[in-house]
Amino acid sequence: MVRTDLGARTGPMGWLLSLVKRGWEAPEVCAARLARILARERWSPAGEARWLVEEQEQPWPAVAQDEATRRAVRDTTAHLLSSA
């Protein structure tokens, strides 16, 4: 979550939201992380994709190893790209 004025409100709800947002990450911190990630080598080896959480490479969840799930993602992606 990034601390911005997006969705800002007035009144008690606005006060509560601003209080909650104090614990969120500053836009500058988020932007710096994104810049570091984008500066990395962007291409994974064929058939492999990187999963990054807070800049640390993580193993893919078990569901990503399910062949039916992988096929559905490939088919959906191919369909969406062909209609673009």
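The pLDDT is the predictor's confidence in each residue, on a scale from 0 to 100. This is a predicted model, in which local features need pLDDT of at least 70 and side-chain atom pairs count only at pLDDT 80 or more, while totals for chains, interfaces and linings use all residues. Residues are numbered from 1 along each chain as its sequence is written, and side-chain values use heavy atoms, with hydrogens and water left out. For the protein chain, the mean pLDDT is 85, and 94% of the residues reach 70 or more.

The next step is to walk along the chain. It contains 3 helices and 2 strands, arranged in sequence as α-α-β-β-α. Here helices (H or I, at least four residues) and strands (E, at least two) are DSSP runs, numbered from the N terminus.

The overall shape comes next. The radius of gyration, taken over C-alpha atoms, is 19 Å, whereas a compact globule of 84 residues would have a value near 12 Å; the globule rule is 2.2 Å times the number of residues to the power 0.38. Along the principal axes, the C-alpha atoms fill a box of roughly 50 × 30 × 30 Å. Buried residues make up 6% of the 84 residues, where buried means under 20% relative accessible area, exposed over 50%, and partly exposed in between (1.4 Å probe, protein chains only). With contact meaning heavy atoms within 4.5 Å, 12% of the contacts between residues at least 6 apart in sequence join residues at least 24 apart.

Arginine 33 belongs to helix α2 (residues 27-39) and counts as buried because its relative accessible area is 16%. Apart from neighbours within four places in sequence, arginine 33 is in contact with Glu25, Glu54 and Glu55. Arginine 40 sits in the loop between α2 and β1 and is classed as partly exposed because its relative accessibility is 35%. Leaving out residues up to four places away in sequence, arginine 40 touches Leu52 and Glu55.

Finally, leucine 19 is found in helix α1 (residues 11-21). Leucine 19 is partly exposed because its relative accessible area is 37%.
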